[in-house]
Amino acid sequence: MQPSTVTAATDPTIKTPLLRVENVVKHFPTGGAFGRAVVHAVDDVSLAIAQGETLGLVGESGCGKSTLGRLIVQLQPVTSGHVFFKDTDLTKLRGEKLRRIRQQVQMIFQDPYASLNPRMTVGDIVSEPLRNFRIARGRKAEQRVQEVMRVVGLNPGFVNRYPHEFSGGQRQRIGIARALVLNPTFMVADEPVSALDVSIQAQIVNLMEDLQQQFNLTYLFIAHELAVVRHISDRIAVMYLGKIVEIGPSDAIRDKPLHPYTKVLESSVPVPDPDLEAERKPILLKGEIPSPVNPPPACRFHTRCPIAQKICSEVEPPLEMKERGRFVACHFPGQL
Amino acid sequence: MQFPTSSGLVRAVDGISFDVDRGEVVGVVGESGSGKTMTALSLLRLVPEPGKITGRILFGDNDVLEMTDEEIREFRGNQVAMIFQDPMTSMNPVLRVGFQIEEAMAAHKRFSGQQSRDRVVPMLQRVRIPAAQERVRDFPHQFSGGMRQRAMIAMGLSNEPSLLIADEPTTALDVTVQASIIELLRDLSRELRAAVILITHNMALVASLCNRVIVMYAGRVVEQGSTRAIFKNPQHPYTWSLLKSMPRMDEVGKERLVSIKGVPPDLGKLPDGCKFHPRCRFKVDRCLTEEPPLEEVGPGQLARCWVLMKNVANPEMQR
């Protein structure tokens, strides 16, 4: 195998990819002084997700991680690039064909308050996909809804209640039930626990792990909290300003981050242990995150990178496989 | 601290006692509705109407609850600073950042107008705003979230308070920014020898910053003690479960998280007995009917529990 042809989308350690993202770009036009400004939300992203695994996607606010999630499930059209689900390019599908494949690709949202229609009962919310896809109606739909509610740990007797009658954690279960009702194979979870109380987060994380086992689900788990992402994910992708800077197995990334930004993120997370905290030295970044309207040339991290050299502002480092299954976009990997 | 409501009096904070020394950081942790923010507001007598506070809040030798309007104004402005979670909504969007800091100083008359003006840039430099000389003329929207939080801290510190209350100061911020604010708070508490009360839901933040911890649940203190004791040897099942429910960066492999079943109770409809018992996996009969007192369980460590974790064998195995 020639190293030059291996990309994160054709990672040789992934035997049966369920999803392949190839060179996906998303630009949003904004007003700007001359009406030409473009937000480079996602820029040339490639990755693969294996059947049955969880890929965690981390990054700070504005890095493009949520946009990438929405591009993958086709909630927004890509500017360019491809999203292959099994062997179908989702970006080429329209109308009924896209609808069909959407049954297998579902999404869970961050805010369980805003993502459920307050005027629909739980039963209506969870059964809506069944009606939309004309899969089941009436008695059969009712049975399926009750079954799914039981699976996610909701009392099936509550089908006629409204979202406001539930707590945040229970509402997130409703969102999961709605995503699960069509028996999908792939789920994008966008910050599914960030809005929940600490004692509730573990319930939802455990539920998602159980469901994955039970239904052989594949997850893209998007979050800003590295500790949660490391816990639930088999592999992690790190994003900075619209680019993936590193992908690899989660424990390897935690133990030996290769990209300086990953190292900075890892060093910034406090651990609930006063002795370890006394030892931990966070690497503090200089300056502020640059605007995605006008990202720095070459390596986008070079303006804040503690080990940047001249080449980093001149030549963009490609996302390359440096070790088996580990991809890094950096001229000096592992040197911070 | 109680509120009259349509379903009777609700005690948002019930019988909390603690002290903070100069140079010390005390953490108050709890989930939403645990009473941690109400505790902070009580300290400043800022509890919204029709809330009522009873008890004593001593600042040095003066009882905050007995102060006249003039005294409380002086106390809030010159002795205490409060930093809130959301730095965007706590600043005036149409006034320049520097002017707002200057105004905060001038309002409390500790410094003259000229002195206040001269102190603004050094204050911004102290909280490490880059190019403070120029940025002092910016409006809040021109600052990033982290810079706004720094500016808020500068404003709070401008009158050299001896007590700093920080309510979820990093919750709205990105991790790398959060790290820099934690470092800043740590340095400032040492430099200024101020007493700091950190209110947060994040146990890891407490481990990082605090000397002592108060764990609140349903308006009560369920455990308090030194940070070391609370993290190494938690005695209340709630504290223990909270620590076990958090995914940790340093964990090996994929241990299943301990989850706490159910949800925090409604303060208007608290259960009998121990307020945590419906969610507790270690409860005994007595917990259902009698509320345990907050009792000493180790040197300087108090817990409100009939069982205590030291009496539970293999806690992970119990469901």
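Student: How many helices and strands does the secondary structure of chain B come to?
Tutor: This is a predicted model, where local features need pLDDT of at least 70, side-chain atom pairs need 80 or more, and totals for chains, interfaces and linings use all residues. Residues count from 1 along each chain as its sequence is written, with chains lettered from A and ligands numbered from 1 in written order. Taking DSSP runs numbered from the N terminus (helices H or I, at least four residues; strands E, at least two), chain B has 11 helices and 12 strands.

Student: Which helix gives the most to the side of chain A that touches chain B?
Tutor: Here 34 residues of chain A are in contact (backbone-placed C-beta atoms within 7 Å) with 35 of chain B. On chain A, α6 (198-215), α7 (226-232), α9 (260-268) and α10 (274-279) each supply at least two residues. With 7 residues, the top contributor is α6(A).

Student: At what angle do α4 and α6 of chain B pack?
Tutor: The axes of α4 (residues 113-126) and α6 (residues 145-157) of chain B are 9 Å apart. Among the residues making the contact are B:Met123 and B:Leu124 of α4(B) and B:Ala151 of α6(B). The helices pack at about 125°.

Terms used: Contact = placed C-beta atoms within 7 Å. Axes fitted to C-alpha atoms, helices over the stretch in contact; angles between N-to-C directions.
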